[in-house]
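Open the model in your viewer and keep the selection tool at hand. The tour goes from stop to stop, saying what to select and what is there.

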Amino acid sequence: MSGLYLVTDSEVAQAAGHTLPFVVEEACRAGVKWVQLREKALSTRTFIALGVKLKRITQAHGARLIVNDRADVALAIDADGVHVGQDDIPYQLVRSLIGPDKIIGLSINSLIELQAAAGADVDYFGIATIFPTGTKQDTSSLLGLEGLRQICTQTNLLTFAIGGIKASNIQDVIRAGASGVAVVSAICGHPSPYEATRELIQLISI
Ligand code: TZP
Ligand code: MG
């Protein structure tokens, strides 16, 4: 199941006048099947409480809930998986913690990182960063569509491209070979997360 992947950011949602549970509910109602709880500024308590709420919402809609960085939180809330970056807990350790049936996503920022991850026991790659974005500060160099294309041709694993993707460029990203697209602000920061999700899903289904 590929397609559209919503990555959360409470601050972006709040700036648009939304709570995160509202954004996730609306996106799920519009058909999103992948949601990642990614919150960098919350205490562990608040992170877990939010995770419990989001798990209820995603489960009710048959969507997957993946937790960014925190295998402990993923286990605590019985999430569907964990997403890790290159500097987080090694994916091999995540696998031994969460077991063979859960999902692991790994961020890939270059062709070299992809080659280093060859044969890795993970379920998908997040390919970052495609376009300039205001959502994440510490982004490494931009891949652009050509960099994305080079990476996607060298793996058979599911790939979600991320970084600056919105309605106006989402079709180019899919044409470059990504199996799916992950977005923060295009949904969390949109006046209508429901309408935004509908539009993005429609654009990648054409
Ligand atoms: N990783 C690379 S870019 C990014 C993450 C989490 C943020 C993407 O946010 P947006 O608003 O979709 O550009
Ligand atoms: Mg991380």
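A residue is called buried if 20 or more other C-beta atoms lie within 10 Å of its own, exposed if 12 or fewer, and partly exposed in between. Keep in mind throughout that this is a predicted model.

**Stop 1: the annotated pair**

Select Asp69 and Asp88, which the UniProt annotation "binding site", from an unreviewed entry, covers. The two span 20 residues in sequence, yet their C-alpha atoms are not more than 6.3 Å apart, so they gather at one spot.

Start with Asp69, in the loop between strand 3 (64-68) and helix 4. Is Asp69 buried or exposed? Asp69 has 20 C-beta neighbours inside 10 Å and therefore counts as buried. Leaving aside residues up to four places away in sequence, Asp69 touches Val84 and Asp88.

Now move to Asp88, in the loop between strand 4 and helix 5. Asp88 has 17 C-beta neighbours inside 10 Å, so Asp88 counts as partly exposed.

**Stop 2: helix 5**

Select residues 91-98, which form helix 5. Which residues of helix 5 are buried? They are Tyr91, Val94 and Ile98. Look down the axis of helix 5: the buried residues fall within an arc of 50 degrees, so they line one face of the helix. An α-helix has 3.6 residues a turn, so residues three or four places apart point the same way.

Just after helix 5, select Gly99, which takes a positive phi of about 90 degrees.

**Stop 3: a helix crossing**

Clear the selection and pick helix 2 (residues 20-29) together with helix 10 (residues 193-205). Their axes come within 8 Å and cross at roughly 40 degrees. The crossing of helix 2 and helix 10 is right-handed.

Which residues make the contact? From helix 2, show Val23, Glu26, Ala27 and Arg29; from helix 10, show Pro193, Tyr194 and Thr197. Coloured by type, the residues of this contact divide into four nonpolar, one polar and two charged.

Note on methods. Residues numbered from 1 in each chain as written. Chains lettered and ligands numbered in written order. Predicted model: local features only at pLDDT ≥ 70, side-chain atom pairs only at ≥ 80, totals over all residues. Axes fitted to C-alpha atoms, helices over the stretch in contact; angles between N-to-C directions. Helix = DSSP H or I, 4+ residues; strand = E, 2+ residues; numbered from the N terminus. Left-handed = near helix turned anticlockwise from the far one by under 90°. Contact = placed C-beta atoms within 7 Å. Nonpolar A, V, L, I, M, F, W, Y, C, P; charged D, E, K, R; others polar. Arc of directions from axis to C-beta. UniProt positions renumbered as here; feature names shortened; annotations may be inferred.
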